[in-house]
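Visitor: Could we go through this model together? I would like to ask about a few parts of it.
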Amino acid sequence: MPGARLEFRRVARRYDGVQRLRVDALDLAPGSFNVLLGRSGCGKTSLLEIAAGLAAPDEGMVTVDGRPVDGPVPDSALVFQHHNLFPWMSAAGNVAFALRNAGVGAKAALERAVALLANVGLAEFAHERPSRLSGGMRQRVALARTLALEPRLLLLDEPFSALDAQTRRLMQRTLLDVWRHTGATVLMVTHDLDEAVLLADRIVLMASVPHGRVARVLDLPFHRPRLRDDPAVRSVAATLDAFLENEALVAEHAA
């Protein structure tokens with residue numbers, strides 16, 4: 001099935017009586033790859049949690065395929081910074097667990113889990129426990145587990161931030177491969193400028209002053225794969241860097 005259409009309308013969130021998030025209108029097309037970029041505390045993760053149905057806005061509405069979000073969203077998955085794998089289960093067992101919860105039989109779930117691990121380059125490690133895997137491998141297991149239920153909406157909260165640079169690049173390529181294969185709509189939070197430019201169809205720049213508003217939306221029409229030293233890619237990265245630098249100055253003067 002195609003990816004889900006995700007829409008935000010006049011969404012606001014307050015903490016201790018102070019508005020920290022305000023998104024009047026934001027539409028994510030089915031099958032698109034979208035990145036939220038901004039300084040810490042600007043509301044990126046809050047917006048992601050609202051999209052997932054894990055938190056409710058104080059005002060406004062979020063819809064998935066036209067249906068209001070009022071709880072956990074069916075056919076969606078959320079990937080965090082930490083893999084949250086069960087340490088006593090093998091890699092395949094962790095992936096199969098998600099399938100068993102969905103009613104898949106034990107044998108079929110294990111076979112599907114091994115196939116999913118092969119898709120992320122871990123076929124030979126399917127029966128290893130997380131403690132025997134590197135950080136990048138554990139995150140790939142978490143990604144395979146997330147994809148086991150074939151989500152139409154994939155939400156990612158800085159999933160590669162704890163990885164070294166080389167492993168991070170590998171995971172970025174893996175994520176792009178998975179996205180092309182599934183056709184899911186992706187909304188990803190990152191602080192990494194290169195990651196945003198190399199992955200996204202659209203970058204949503206979040207401002208922290210005033211809190212949590214969409215300052216600008218950049219559409220990236222570049223073909224993939226993209227190279228870091230491509231002049232067009234570097235130009236967009238420079239634009240993002242200038243935005244974040246200005247945000248830091250504005251926040252400093254507002255303090």
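Visitor: What volume does the largest pocket have?
Guide: The largest pocket of this predicted model has a volume of about 480 Å³. A pocket is an open set of points on a 1 Å grid over the protein atoms alone, where a 1.4 Å probe fits, with protein on both sides within 12 Å along at least five of seven lines. Grid points are joined across faces, edges and corners, and the volume is the space filled by probe spheres set on the points.

Visitor: Which residues lie nearest its centre?
Guide: Ser76, Ala77, Leu78, Val79 and Thr146 lie nearest the centre of the largest pocket, which is lined by 22 residues; lining residues have an atom within 4 Å of a point. Strand S6 (76–79) and H4 are the elements that give two or more residues to this lining. Helices (H or I, at least four residues) and strands (E, at least two) are DSSP runs, numbered from the N terminus.

Visitor: What classes of residue are in the lining?
Guide: The lining has 13 nonpolar, 6 polar and 3 charged residues. Asp, Glu, Lys and Arg count as charged, Ala, Val, Leu, Ile, Met, Phe, Trp, Tyr, Cys and Pro as nonpolar, and the others, Gly among them, as polar.

Visitor: How many residues of H4 are buried?
Guide: In H4, 11 of its 13 residues are buried, where buried means under 20% relative accessible area, exposed over 50%, and partly exposed in between (1.4 Å probe, protein chains only). Among them are Gly136, Gln139, Arg140, Leu143 and Thr146. The elements that cover the buried residues of H4 include S6, helix H2 (91–101), helix H3 (106–119), S7 and H5.

Visitor: Now H5. What span should it have?
Guide: The 18 residues of helix H5 (residues 165–182) should span 26 Å at 1.5 Å a residue, and its end C-alpha atoms are 26 Å apart, which agrees. The expected span is 1.5 Å times one less than the number of residues.

Visitor: What is at its start, and what follows it?
Guide: At the start of H5, a side-chain oxygen of Asp164 comes within 3.2 Å of the backbone nitrogen of Gln166. Gly183, whose phi is positive, near 75°, follows H5.

Visitor: Which elements do the buried residues of H5 pack against?
Guide: They pack against strand S3 (33–37), helix H4 (135–147), strand S7 (153–157), strand S8 (185–189) and helix H6 (193–199). One of the buried residues of H5 is Thr174, with a relative accessible area of 10%. Leaving aside neighbours within four places in sequence, Thr174 is in contact (heavy atoms within 4.5 Å) with Val120, Arg140 and Leu143.

Visitor: And Asp194, where does that lie?
Guide: Asp194 lies in helix H6. Asp194 is partly exposed, with a relative accessible area of 25%. Not counting residues up to four places away in sequence, Asp194 touches Arg228, Arg234 and Ala237.

Visitor: Last one: is Ala126 buried or exposed?
Guide: Ala126 is buried, with a relative accessible area of 2%, and is found in the loop between H3 and H4. Leaving aside neighbours within four places in sequence, Ala126 is in contact with Ser90, Ala91, Ala92, Val114 and Leu117.

Notes:
Residues numbered from 1 in each chain as written. Predicted model: local features only at pLDDT ≥ 70, side-chain atom pairs only at ≥ 80, totals over all residues. Heavy atoms only, no water. Polar contact = N/O pair within 3.5 Å; in protein donor to acceptor, adjacent residues only side chain to side chain.
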